[in-house]
Amino acid sequence: HWVCCLQFSPDGQTLVSGSDDRTVKLWDVSTGQLLRSFSGHRYWVMAVAFNADGTIVASGSEDQTVKFWEVSTGKLLNTLSGYSNSVLSVAWSPDGQMLASSSADYTASLWDPNTGQHLKRFSGHTHWVWSIAFSPDGTLLASGSDDHTTKLWTVNSGSWCRTFEGSTHWALSIAFSPDG
């Protein structure tokens, strides 16, 4: 099946993948060996992300959920729901205290990964939000959309800061430079 998303662990030793076979898989980078497979999503896994210390993987799916998996045991820790469409991207804040997600429901959200509490919703895109990224200092959130824009948001207040326009195509992937 198609591999939809990938991310290296913080130490670079493990790769996590999400697939249209509805699984999240952990791979040993040096040997290529499959270490663990997580099952529980009902549809394609569209997004995966390790937390800062590599102990938890978040996965987002077309089943409109985000799931948290314990890397060492494969245990499902929590499931977040409340979307009206597919979850397309997930990203941990640099301090690991928040998880951002984006969706085909035209929004992005902030969550407390420890409690599952929904903290904020960012609305303003006019089409699917494919990509989400925290600034290195965790104060800004960027969201990229099918509406050909990338928007910047202030994390603490949830307010819109700026829209980057001019692209003639979808913003499928975004990232901040290491210095922000």
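Where is the place of Arg22? The place of Arg22 is in the loop between β2 and β3; strands (E, at least two residues) and helices (H or I, at least four) are DSSP runs, numbered from the N terminus. The notes below start from this part of the chain.

1. Basis of the notes. This is a predicted model, in which local features need pLDDT of at least 70 and side-chain atom pairs count only at pLDDT 80 or more, while totals for chains, interfaces and linings use all residues. Residues are numbered from 1 along each chain as its sequence is written, and side-chain values use heavy atoms, with hydrogens and water left out.

2. Arg22. Phi of Arg22 is near 75°, a positive value in a residue other than glycine. Arg22 has a relative accessible area of 42% and is partly exposed. The terms are set as follows: buried is under 20% relative accessible area, exposed is over 50%, and partly exposed lies in between (1.4 Å probe, protein chains only). The hairpin of β2 and β3 has three residues between the strands.

3. Strand β1 (residues 3-8) and β2 pair in the antiparallel sense over five bridges; two strands pair if DSSP finds at least two bridges between them. Five residues lie between β1 and β2 in their hairpin, and Gly12 in the turn has a positive phi of about 75°. The bridge partner of Gln7 in β2 is Val16, and that of Leu6 is Ser17.

4. The open sheet. β2 is also joined to strand β3 (residues 23-28) by five bridges, and these two run antiparallel. On this side, Val16 stands opposite Leu26 in β3. The four strands of the open sheet have the order β1-β2-β3-β4, with antiparallel pairing. β1 and β4 (34-39) stand at the edges with a single partner strand each, so one side of each is left without a neighbour in the sheet. From one strand to the next the twist averages 20°; axes are lines fitted to C-alpha atoms (for helices over the stretch in contact), and angles run from 0 to 180 degrees between N-to-C directions.

5. How enclosed is strand β2? Five of the six residues of β2 (residues 14-19) are buried, so this strand is largely enclosed by the rest of the structure. Ser19 lies in β2 and is buried, with a relative accessible area of 6%. Leaving aside neighbours within four places in sequence, Ser19 is in contact (heavy atoms within 4.5 Å) with His1, Trp2, Val3, Cys4, Trp44 and Val45.

6. Tyr43. This residue lies in the loop between β4 and β5 and is partly exposed at a relative accessible area of 45%. Not counting residues up to four places away in sequence, Tyr43 touches Arg22, Ser61, Glu62 and Asp63.

7. The largest nonpolar core. A nonpolar core is a set of buried Ala, Val, Leu, Ile, Met, Phe, Trp, Tyr and Cys residues joined through side-chain atoms within 4.5 Å. The largest one has 12 residues, among them Ala47, Phe68, Val90 and Trp111. β5 (45-50), β7 (66-70) and β9 (87-92) each supply at least two residues of this core, and β9 gives the largest share, three residues. Ala47 touches Cys5, Ala58, Ser59, Gly60, Leu88, Ser89 and Val90, not counting residues up to four places away in sequence. In soluble globular proteins, nonpolar side chains tend to be buried together.

8. Cysteines. The structure holds zero disulfides, a disulfide being a pair of cysteine sulfur atoms within 2.5 Å. For Cys4 the closest cysteine sulfur is in Cys5, at 6.0 Å, too far for a bond. Cys4 is partly exposed at 28%, and Cys161 is partly exposed at 35% relative accessibility.

9. Aromatic pairs. The structure holds six aromatic pairs. One of them is formed by Trp128 and Trp130 and is tilted, at 5.6 Å centre to centre and 50° between the planes. Rings of Phe, Tyr and Trp (its six-membered ring) pair if their centres lie within 6.5 Å; planes under 30 degrees apart count as stacked, over 60 as edge-to-face and the rest as tilted. Trp128 is partly exposed, with a relative accessible area of 30%, whereas Trp130 counts as buried at 19%.

10. His148. His148 is found in the loop between β14 (140-145) and β15 (150-154). Its phi is positive, about 70°, although His148 is not a glycine. At 28% relative accessibility, His148 counts as partly exposed.
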